[in-house]
Amino acid sequence: MKLVGPADGFNMALAERLETELVEVDRRVFPDGEVSPRVVIREEEDLRGEQVVLSMRMRAGEVRPNAYLAEVLFTAFNLKVHLGAEEVVVVMPYLPYARQDAIFRPGEPLSPLYLGRMMEAAGVDAVISATVHLHRMGGMGEMLGEIRGINVSGVAGLARILSSMELRDPFPLGPDDEAIQWAKELASEAGWRDYASFKKSRDLETGEIVTEEVDLDLEGRTAVVVDDIVSTGGTMANAVAAARRMGASSVVAAFVHPVLVPGSLDRILGAGADAVVASDTIEWVGSRATVVPEVADAVDRVM
Ligand code: R5P
């Protein structure tokens with residue numbers, strides 16, 4: 001088995017866990033934004049007949065899901081069709097477009113389904129991702145059709161870091177109904193007794209978010225607001241502010257995927273977060289938690 005991907009800390013750690021060497025991908029980008037990822041091989045034959053794990057992450061901050069998808073799809077196709085890999089397992093720790101998991105208004109695209117078809121066309125055999133936001137579809141199975149999909153926990157890594165911090169009687173809170181599953185998972189992973197969630201509504205036209213406080217006693221406790229994704233930071237900031245108003249002595253913003261569009265972090269800190277804990281599913285300098293152990297286990301299971 002060969003691991004292929006950019007030579008970053010994530011892939012170095014994954015290579016070590018899988019006890020294999022990393023074949024580097026050079027993420028070349030042309031001045032107009034077109035991508036040209038090159039698999040750095042010595043001979044055309046290097047990967048022929050191999051089982052290959054392609055591991056690439058999106059970068060935080062910039063709006064680059066489209067460029068990221070092009071890099072992954074082109075590299076998978078290249079590995080399978082031109083470089084002759086026998087099997088291509090793709091590690092995409094954050095799966096872009098999974099949030100568009102329903103047609104909310106007539107005429108909208110069911111984006112994850114189309115992405116699944118594109119992966120099939122690129123010759124992908126399996127996809128490993130973390131805490132995938134496919135609540136309204138039948139999970140990765142419906143998205144990927146014949147391609148195998150493994151959805152590992154991104155919350156477990158958050159729990160490892162949060163458990164090592166000095167928190168006062170921590171209380172995990174999801175910022176909306178949907179996120180109660182993350183609060184529950186975090187409580188269970190970290191061995192904390194309570195968990196709950198706020199109620200949130202979002203205007204589909206304007207994107208404006210309203211978060212309702214809940215009847216909980218947070219006096220003297222650390223509220224850990226936990227979500228899968230932070231993009232604009234609006235959902236997280238509202239929940240952090242609500243936890244503050246409810247009397248929490250400190251508030252930690254914890255999330256799996258630091259999509260973090262510009263301004264989002266300031267919004268969260270400005271709302272009163274004392275600390276931010278995010279995982280490394282996306283390349284971001286502030287990531288403290290890791291999904292590498294869960295991804296390595298999934299590779300072992302799928303190969
Ligand atoms: C929503 O369904 C997700 O779980 C996140 O709560 C949402 O994507 C966060 O978005 P934003 O940071 O833009 O509020």
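So, salt bridges: a search of this whole structure, which is a predicted model, finds 22 of them. Here is the idea behind them: side chains of opposite charge can pair when their charged atoms come close.

Let's walk through a few. Lys2 and Glu50 join their side chains in a salt bridge, at 3.5 Å from N to O. What parts of the chain does this pair link? Lys2 is in strand β1, residues 2-5, while Glu50 is in the loop between β3 and β4, and the two are 48 residues apart. Lys2 is partly exposed, at 26% relative accessibility, and Glu50 is partly exposed too, at 22%.

Next, please find Asp125 and Lys80, whose side chains meet at 2.9 Å, N to O.

Asp169 is partly exposed at 35%, whereas Arg193 counts as exposed at 61%.

There is also a network: Arg27, Arg59, Arg64, Glu71 and Glu283 are joined by salt bridges that share partners.

Finally, let's turn to Ser55, in strand β4. Is Ser55 buried or exposed? Its relative accessible area is 0%, and buried means under 20%, so Ser55 is buried. The side chain of Ser55 makes a polar contact with the side chain of Asn11, at 2.6 Å. Beyond its neighbours within four places in sequence, Ser55 is in contact with several residues, including Leu3, Phe10, Leu14 and Val91.

Note on methods:
Residues are numbered from 1 along each chain as its sequence is written. This is a predicted model: local features need pLDDT of at least 70, side-chain atom pairs count only at pLDDT 80 or more; totals for chains, interfaces and linings use all residues. Side-chain values use heavy atoms; hydrogens and water are left out. Helices (H or I, at least four residues) and strands (E, at least two) are DSSP runs, numbered from the N terminus. Buried means under 20% relative accessible area, exposed over 50%, partly exposed in between (1.4 Å probe, protein chains only). A polar contact is a pair of N or O atoms within 3.5 Å; within protein, one must be able to donate a hydrogen and the other to accept it, and residues adjacent in sequence count only if both atoms are side-chain atoms. Contact means heavy atoms within 4.5 Å. A salt bridge is a side-chain nitrogen of Lys or Arg within 4 Å of a carboxyl oxygen of Asp or Glu.
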